[in-house]
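Work through the following exercises with the sequence and the model side by side. Try each task before you read its solution.

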Amino acid sequence: MKIELRNICKSFNKKTNTIDNMNLTINDGEFVALLGPSGCGKSTTMLMIAGIYKPDRGEIYFDGQIVNDLEPKDRNIGMVFQSYALYPHMTVLDNIAFPLKQQKVPKEERIKRAKRAAEMVQLEHLLGRKPSELSGGQQQRVALARAIVKRPKVLLLDEPMSNLDARLKIEMREEISRIQRELGITTILVTHDQEEAMTMADRIAVMKEGQIIQYDTPMELYYNPKNYFIAQFIGTPPMNFLKGKLLNNQLHLPNSTVELDCEFWEFNRKETEVHVGIRPYDLKLGKNGNVYIKGTVSMVELVGHSKMISVKVGNEQVRFFAEPNISIEYGSVIEISTQTSSIHLFDAVTGRSLKKDGMNKGLVKESVYN
């Protein structure tokens, strides 16, 4: 099912809009994540799609038909919440089959469909258990099976993995992604966890204060953030930032001055204060690139396949990755560097990216070790 939100506004008081003139298109069979910090309006958006909230202004379309006044039960949606909301006195089979019972599906048919849904989430061996006899991950699978047993056209997931530990989160991400591909169902995930959004979604709508700041694929959000907020929000570990000044085609940093190509960057004849962003994976030890940074080592962390080094540069912390066998001592002064093609520039006042539109579109970079 194709979902369209056109000029949607929603407020819970007269002073501010929770959702402010939102426009969003989700294609049939697409997996989209609504990502943002707490209070940005992502759950409110989902609840309007579900029909639990009604927009103050604007229209919501399902396959070209306005559904603003359509009741939730008539929208053919399945929902999975952060709380599993299972019936404690019912077995796993009965919990899964319950929506079909409400729809008055014949008993033989609903048991057949419930068992099939249980197989999809790998719970067929636990059908006789009660929720209290299940782990958190198993309970979440029951909730997912209950949502898909109705064969909905839209699956809504509201922070479904918040209560799970790290390992179970990985398992559930894989499970949900597999089921979504198998069913080809339009799916919307609400999350504040960028790792969930980046690994699961076809496209991500990054939200802030009731507005979509950027709506793009995970790779484009990572490599081509449109503003300072996106650059700060997307990436683990987060992007490094240094203060710099831009004059004509020269970028002035504390330790270097860099000539920039006018083909790729927007320049102002007046001196412009900028945030210079560099991903940790794009930095290398040594003065090998034309953008180099000098600082004092403040932390060395072994993270399995590599070492993450923190360097104090003025008042800023800059992180980068090095080979695990490299010896770097606390308090030592080192130089790290990158190429101009790996930096991001953002106007310090507006936060807007200074990279020209279309530059490096679809870029996927290789490891810094290559």
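A residue is called buried when its relative accessible area is under 20%, exposed when it is over 50%, and partly exposed in between, with a 1.4 Å probe and protein chains only. This is a predicted model, in which local features need pLDDT of at least 70 and side-chain atom pairs count only at pLDDT 80 or more, while totals for chains, interfaces and linings use all residues. Residues are numbered from 1 along each chain as its sequence is written, and side-chain values use heavy atoms, with hydrogens and water left out.

**Exercise 1. Explain why helix H4 is described as largely enclosed, and say what covers its buried residues.**

Step 1. H4 (residues 136-148) has 13 residues and reaches 19 Å from its first C-alpha to its last, close to the 18 Å expected; the expected span is 1.5 Å times one less than the number of residues.

Step 2. Because 11 of the 13 residues of H4 are buried, the helix is largely enclosed by the rest of the structure. Among the buried residues are Gly137, Arg141, Leu144 and Ile148.

Step 3. The cover over these buried residues includes strand S6 (77-80), helix H2 (92-102), helix H3 (107-120), strand S7 (154-158) and helix H5 (166-183).

Step 4. A nonpolar core is a set of buried Ala, Val, Leu, Ile, Met, Phe, Trp, Tyr and Cys residues joined through side-chain atoms within 4.5 Å. In the largest one, which has 48 residues, Ile96, Leu144, Leu157, Ile176, Ile204 and Val206 touch the most other members. H4 gives the most to this core, with 6 residues.

Step 5. Not counting residues up to four places away in sequence, isoleucine 176 touches Phe31, Leu144, Leu157, Met161 and Met200.

**Exercise 2. Give the strand order of the six-stranded sheet and explain what sets its edge strands apart.**

Step 1. The 6 strands form an open sheet with mixed pairing, in the order S6-S7-S8-S3-S9-S10, where two strands pair if DSSP finds at least two bridges between them.

Step 2. S6 and strand S10 (211-216) stand at the edges with a single partner strand each, so one side of each has no neighbour in the sheet.

Step 3. On average, neighbouring strands of this sheet are turned by 15° against each other, direction ignored; axes are lines fitted to C-alpha atoms, for helices over the stretch in contact, and angles run from 0 to 180 degrees between N-to-C directions.

Step 4. Strand S3 (residues 31-35) and strand S8 (residues 186-191) pair in the parallel sense over 5 bridges, and alanine 33 stands opposite leucine 189 in S8.

Step 5. H4 lies across S6 and S7 and runs at about 170° to S6.

**Exercise 3. Work out which way the residues of strand S20 point, and name the strand that is joined to S20.**

Step 1. 5 of the 5 residues of S20 (residues 343-347) are buried, so this strand is largely enclosed by the rest of the structure.

Step 2. Ile343, Leu345 and Asp347 point one way from S20, whereas His344 and Phe346 point the other way. In a regular strand the side chains alternate between the two faces of the sheet.

Step 3. Strand S14 (residues 272-278) runs antiparallel to S20 and is joined to it by 5 bridges; the bridge partner of glycine 277 in S20 is histidine 344.

Terms used
Helix = DSSP H or I, 4+ residues; strand = E, 2+ residues; numbered from the N terminus. Contact = heavy atoms within 4.5 Å.
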